[in-house]
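Keep the structure open as you read.

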Amino acid sequence: TMEGEPAKRKPDELSSQSKKQKTTTPSRSTIGYWLPEGKVKKMKLESFFEHAKEQGNAIQAIDIDRDISSQGTFGAIFYKVTGELVKSTKEEKSRHRLENLNRFFQSHPEVVDLDPIESQQKTLSRDSMSQLLNQVEELVPKDLGVQVRNPRYTLFETEQEVYDTTNIKFPVVCKTNQAGGTSLAHQMGIVFNEEGLHDFKPPMIAQEFYNHNSTIHKVFVVGDFVYSVKRKSLPNMPSDQTKTLEFDSQKPLEPQFLEKIPFQDIDAEEISEKVFEILAKLLTQIFGLSLFGFDVIREVDTGHLGIIDINYFPGYIGVDNFDAKFLDLIENKILLKRSSDWERIAQELAETKKELLRLRMENEKLRTQSDGIDTNQTANIELVQ
């Protein structure tokens, strides 16, 4: 699928925004961040940094090669380490960086870890990611009026003389099992027979291709806020096609993939914004992420929806008010963390007070018993005398 960004839209055209707003503003916080080189510029996050500062927060880039505790006191830290996770299997530097982050959050539970490493990890393997996406099929409310059936797939871990395709129907989209971290992850092909699978190198997955009228819905999530935009996608595949069609999901479609009729004239059935909200909420629970995007298509013949991809911290360029929504997300999490910390402290104080009261009563009881023993002893001595 083509990786795209939401188009600029008027405020009243924004899709499915949650109405939930923060009710109070936290005191000044230092928000730390670490992002891959070029990510800040690509996402134009400088405007977010300025907005956060205007609201009384400090913004600080952190060095994950050094001890993070010595770099300041933070209310929250956000970071994207999907690339480091991929490289950590081979590079000691990346392993050290991940261990450094884990060590910091273990010793500083009071700091908001916006999207933990283990949650980001879930988006890296297309096989494990697809298994998680399939959980949505059973969780979608029956009264939503749609059925989610994600395209079936097969994982091929090693090269085979003949690939077993009994569990999938051609055509299929063939792609590496690794979902990110290298340019190869975006090299894909539409394969029409078993022979075509040999053009790709395992580990790879072969995922059934849904004809979807050249329309893909790209959904962007920022905490409770959900945005969707409709984009042009791959055309329906003809039944007599046999030659593999290769493409790069991060580049514009080549002419042979473009539908002959204008995109606005394509007969693609709309998907209600409520559906995107429900799907976003389910995916948030399953993946444990606050910042992510996912792609939805509608299968032409059955009308079933398919979630075909999810990626962590996509570009949000063109989304109106992204800076405010992102800051709301961070500040709300800081407030929630502080609130839960105060509740925990209050509970601990209550337990301590209860224990002190118990010890005091126990002490009073022992003293009363001691006084009684002394009185009896005095009486006995007097009798003897």
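A residue is called buried when its relative accessible area is under 20%, exposed when the figure is over 50%, and partly exposed in between. The model is a predicted one. S214 has a relative accessible area of 0%, so this residue is buried. We will return to S214 below.

Five strands make an open sheet in the order 5-8-6-7-11, with antiparallel pairing. Strand 5 and strand 11 stand at the edges. Each has a single partner strand, so one side of each lacks a neighbour in the sheet. On average, neighbouring strands are turned by 20° against each other, direction ignored.

Helix 6 packs on this sheet and touches strand 5, strand 6, strand 7 and strand 8. The direction of helix 6 makes about 155° with that of strand 5.

Now take the pairings. Strand 6 (172-176) and strand 8 (204-208) pair in the antiparallel sense over five bridges. V173 stands opposite Q207 in strand 8. Strand 6 also runs antiparallel to strand 7, and three bridges join them. Here V173 stands opposite I190 in strand 7. Strand 7 in turn pairs with strand 11, again in the antiparallel sense, over four bridges. Q187 stands opposite D248 in strand 11.

How much of strand 7 is covered? Strand 7 is mostly covered, with four of its five residues buried.

Look next at helix 6 itself. It has 14 residues, 126-139. At 1.5 Å a residue, the helix should span 20 Å. Which residues of helix 6 are buried? They are R126, D127, M129, S130, L132, L133, V136 and E137. The cover over these buried residues includes strand 5, strand 6, strand 7 and strand 8. Helix 8 (273-287) and strand 13 (305-312) are also among the elements that cover them.

The loops hold some backbone details. A cis peptide bond joins F170 and P171, with omega about 0°. P171 sits in the loop between strand 5 (153-156) and strand 6. Another cis peptide bond, also with omega about 0°, joins P202 and P203. P203 is placed in the loop between helix 7 (194-197) and strand 8.

Past strand 8, turn to phi. N213 has a phi near 55°, a positive value in a residue other than glycine. S214 likewise has a phi near 55°, positive although the residue is not glycine. N213 is found in the loop between strand 8 and strand 9 (215-222), and S214 lies in the loop between strand 8 and strand 9 too. Are these two residues buried or partly exposed? N213 has a relative accessible area of 22%, so it counts as partly exposed. S214, at 0%, is buried.

S233 lies in the loop between strand 10 (225-232) and strand 11 (245-248). What does the side chain of S233 contact? It makes a polar contact with the side chain of H212, at 2.9 Å. S233 has 3% relative accessibility, so it counts as buried.

Methods. Residues are numbered from 1 along each chain as its sequence is written. This is a predicted model: local features need pLDDT of at least 70, side-chain atom pairs count only at pLDDT 80 or more; totals for chains, interfaces and linings use all residues. Side-chain values use heavy atoms; hydrogens and water are left out. Helices (H or I, at least four residues) and strands (E, at least two) are DSSP runs, numbered from the N terminus. Buried means under 20% relative accessible area, exposed over 50%, partly exposed in between (1.4 Å probe, protein chains only). The expected span of a helix is 1.5 Å times one less than its number of residues. Contact means heavy atoms within 4.5 Å. A polar contact is a pair of N or O atoms within 3.5 Å; within protein, one must be able to donate a hydrogen and the other to accept it, and residues adjacent in sequence count only if both atoms are side-chain atoms. Two strands pair if DSSP finds at least two bridges between them. Axes are lines fitted to C-alpha atoms, for helices over the stretch in contact, and angles run from 0 to 180 degrees between N-to-C directions.
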